[in-house]
Amino acid sequence: MPLLQANRVSLAYTDTGAPPGRPDAPTILFGHGLLFGGWMFRPQIDGLRHRYRCVTVDWRGQGETPATADGYDMDTLCDDVEALIRELDLAPVHFVGLSMGGFVGLRLGARRDPLLRSLTVLNTTADGEPRNVARKYTLFAWIYQLLGPAPLRQQVLPTLFGPDFLNSRRSAPVVEEWSARLSRCSRTGIRKAILAVADHAPIGDELADIEAPTLVIVGADDLATPRSEAERLVARIGHSTLQVVPAAAHTSTLEQPHLVTACLASFLHSVDDEIGDLAATHGSLEGIDHGIH
């Protein structure tokens with residue numbers, strides 16, 4: 001996986017490049033959830049790369065991005081994304097962020113609008129963590145630092161994945177891959193990432209500033225960020241719609257990959273078609289205006 005020097009840090013990313021015959025295809029930039037990496041969007045990339053350039057980024061200390069001394073807060077990660085977009089000349093992008101990636105995506109939408117073509121957030125919230133949840137995350141972070149992921153696996157899995165998925169044969173290879181990838185990460189980096197999520201600042205007051213077309217996706221069985229959180233987002237973001245994914249919890253991209261991909265494809269196509277119609281209308285108006293002068 002290549003590393004890009006951006007915002008004074010080495011960011012691991014993947015890039016499919018433009019699809020054959022579509023050199024000007026829009027880019028989808030994927031931001032993953034806590035304890036994962038960009039690989040959690042692999043099914044969506046497989047389904048969408050024929051029409052879009054697909055780029056993933058691993059947050060500091062997770063996936064293949066090395067741990068750093070500081071900079072795990074959501075504002076800094078937002079700066080990391082901006083630096084990546086500018087270094088790779090991707091703007092404007094369709095940003096897709098799940099959970100922690102959604103925290104970053106909401107900040108991008110509210111504060112970096114010119115960088116976005118659209119915004120999709122999955123299984124996320126604009127609010128801070130409740131105090132009892134933050135305390136639990138803090139405890140998990142220090143246990144992880146001392147003992148690694150094994151002692152926490154059985155406590156974390158029911159939050160990440162719903163019962164339908166965990167009770168299915170499809171879950172074993174996914175859970176094993178998740179566990180293997182997580183075990184290769186720096187314990188210090190993961191601890192800092194967990195603490196950053198536990199202490200992330202709310203951004204509800206800024207949601208009205210999001211102008212990009214926005215899709216909010218939530219798993220019907222998500223315990224970490226339930227449907228009520230998604231409905232609160234839609235109520236506060238102007239151009240937004242809600243999609244509930246059945247038989248999925250917090251890691252919907254892997255639990256119901258085909259449904260999530262279909263939701264994304266429909267939404268992104270509609271945004272691109274609308275942008276194309278606006279561009280065509282603008283071009284026609286320019287022609288009329290030129291004729292008058």
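Asn7 is partly exposed, with a relative accessible area of 22%; here buried means under 20% relative accessible area, exposed over 50% and partly exposed in between, with a 1.4 Å probe and protein chains only. Asn7 sits in the loop between strand S1 (3-6) and strand S2 (9-15), where helices (H or I, at least four residues) and strands (E, at least two) are DSSP runs numbered from the N terminus. Its phi is near 55°, a positive value in a residue other than glycine.

Please keep in mind that this is a predicted model, in which local features need pLDDT of at least 70 and side-chain atom pairs count only at pLDDT 80 or more, while totals for chains, interfaces and linings use all residues. Residues are numbered from 1 along each chain as its sequence is written, and side-chain values use heavy atoms, with hydrogens and water left out.

**Backbone features**

- Ser99 also has a positive phi, of about 55°, although it is not a glycine.
- Ser99 lies in the loop between S5 and H3, and it counts as buried at 12% relative accessibility.
- Ala91 and Pro92 are joined by a cis peptide bond, with omega about -5°.
- Pro92 belongs to the loop between H2 and strand S5 (93-98).

**The nonpolar core and its surroundings**

- In the largest nonpolar core there are 90 residues, and those with the most contacts inside it are Leu29, Phe95, Leu106 and Trp178; such a core is a set of buried Ala, Val, Leu, Ile, Met, Phe, Trp, Tyr and Cys residues joined through side-chain atoms within 4.5 Å.
- H2 supplies the largest share of this core, 8 residues.
- As general background, nonpolar side chains tend to be buried together in soluble globular proteins.
- Leaving out residues up to four places away in sequence, Phe95 touches a set of residues including Leu29, Trp59, Val81, Leu108 and Ser118; contact means heavy atoms within 4.5 Å.
- Ser118, found in strand S6 (residues 116-122), counts as buried at 0% relative accessibility.
- The side chains of Ser118 and His94 are joined by a polar contact of 2.6 Å; a polar contact is a pair of N or O atoms within 3.5 Å, and within protein one must be able to donate a hydrogen and the other to accept it, with residues adjacent in sequence counting only if both atoms are side-chain atoms.
- Beyond its neighbours within four places in sequence, Ser118 is in contact with residues among them Phe95, Ala212, Pro213 and Phe267.
- His32 is in the loop between strand S3 (27-31) and helix H1 (42-48), and it counts as buried at 0% relative accessibility.
- Setting aside residues up to four places away in sequence, the contacts of His32 include Gly37, Phe41, Trp59, Leu98 and Met100.

**Helix H8**

- The 12 residues of helix H8 (residues 187-198) should span 16 Å at 1.5 Å a residue, and this agrees with its end C-alpha atoms being 16 Å apart; the expected span is 1.5 Å times one less than the number of residues.
- H8 is mostly covered, as 9 of its 12 residues are buried.
- These buried residues pack against helix H2 (74-88), helix H3 (100-111), helix H4 (131-147) and helix H7 (171-183).
- At the start of H8, a side-chain oxygen of Ser186 comes to within 3.2 Å of the backbone nitrogen of Thr188.
- Arg191 is one of the buried residues of H8, and its charged end sits over the ring of Trp142, 4.4 Å from the ring centre; this requires NZ of Lys or CZ of Arg within 6 Å of the ring centre and within 35 degrees of the ring normal.

**Aromatic pairs**

- The structure holds 5 aromatic pairs; rings of Phe, Tyr and Trp (its six-membered ring) pair if their centres lie within 6.5 Å, with planes under 30 degrees apart counted as stacked, over 60 as edge-to-face and the rest as tilted.
- The Phe36 and Trp39 pair is tilted, because the ring centres are 5.7 Å apart and the planes are at 40°.
- Phe36 is buried, with a relative accessible area of 4%, and Trp39 counts as buried at 11%.
- Ring pairs link Phe36, Trp39, Phe161, Phe165 and Trp178 into a cluster.
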